[in-house]
Amino acid sequence: MENCLFCKIAAGIIPSTKVYEDDLILAFRDIAPMAPTHILVIPKTHIPSVDGITAENSAVVAHIFATIPAIAREEGLVNGYRVVSNCGSDAGQTVQHLHFHILGGKQLTLEMA
């Protein structure tokens, strides 16, 4: 999508601090980290949110989840990590492009907003 921030990052138009990339997905450091390790993992194709996952595009989501443990290991998240995806404005989704947050590097609390 033309005005999508994460599409522009995936296309290399907007720079990011990449930690992983392949033909289907990109992982990069969040610019406003909520934990010592805070990485966003996105599909390179535009999917607006979890609500936009279909039978036709679900393979890229499966690939993301198959890759997340390798990214976590590479980042040294040996004591655990959290994977979060916000869906819609009430959940706090600010960029309308499917993304998964990998959070770790400290003891995370169970508090929910």
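User: Which residues are linked in a network of salt bridges?

Analyst: Lys18, Glu21 and Lys44 form that network. A salt bridge here is a side-chain nitrogen of Lys or Arg within 4 Å of a carboxyl oxygen of Asp or Glu. This is a predicted model, where local features need pLDDT of at least 70 and side-chain atom pairs count only at pLDDT 80 or more, while totals for chains, interfaces and linings use all residues. Residues are numbered from 1 along each chain as its sequence is written, and side-chain values use heavy atoms, with hydrogens and water left out.

User: What are the N to O distances for Glu21?

Analyst: Glu21 and Lys18 meet at 3.1 Å, N to O. For Glu21 and Lys44, the closest N and O atoms are 2.8 Å apart. Glu21 lies in strand E1 and Lys44 in the loop between E3 and H2, so this pair ties together parts that are 23 residues apart in sequence. Helices (H or I, at least four residues) and strands (E, at least two) are DSSP runs, numbered from the N terminus.

User: How many salt bridges does the structure hold?

Analyst: Three. One of them joins Glu75 and Arg29, with the closest N and O atoms 3.0 Å apart. Glu75 is in the loop between H2 and E4 and Arg29 is in strand E2, so that pair ties together parts 46 residues apart in sequence. Glu75 is partly exposed at 23% relative accessibility, and Arg29 is partly exposed at 33%.

User: Switching to the sheet. What is the order of the strands?

Analyst: The five strands of this open sheet run E1-E2-E3-E5-E4, with antiparallel pairing. Strands E1 (18-21) and E4 (81-84) are the edges, each pairing on one side only. From one strand to the next, the twist averages 20°. Two strands pair if DSSP finds at least two bridges between them.

User: And how many bridges are there between E2 and E3?

Analyst: Five, linking E2 (residues 25-29) to E3 (residues 37-43). In one of these, Ile25 in E2 has Pro43 in E3 as its bridge partner.

User: Where does helix H2 lie?

Analyst: H2 (residues 58-74) lies across E1, E2, E3, E4 and E5 (100-104), and runs at about 155° to E3. Axes are lines fitted to C-alpha atoms, for helices over the stretch in contact, and angles run from 0 to 180 degrees between N-to-C directions.

User: Which residues have the most contacts inside the largest nonpolar core?

Analyst: Ile39, Val41, Ile64, Ile68, Ile71, Phe100 and Ile102, in a core of 15 residues. A nonpolar core is a set of buried Ala, Val, Leu, Ile, Met, Phe, Trp, Tyr and Cys residues joined through side-chain atoms within 4.5 Å. H2 gives the largest share, six residues.

User: What does Ile71 touch?

Analyst: Not counting residues up to four places away in sequence, Ile71 touches Val19, Tyr20, Ala27, Ile39, Val41 and Ile102. Contact means heavy atoms within 4.5 Å. There is also a second, separate core of 10 residues, including Cys4, Cys7, Leu26 and Phe28.

Notes: Buried means under 20% relative accessible area, exposed over 50%, partly exposed in between (1.4 Å probe, protein chains only).
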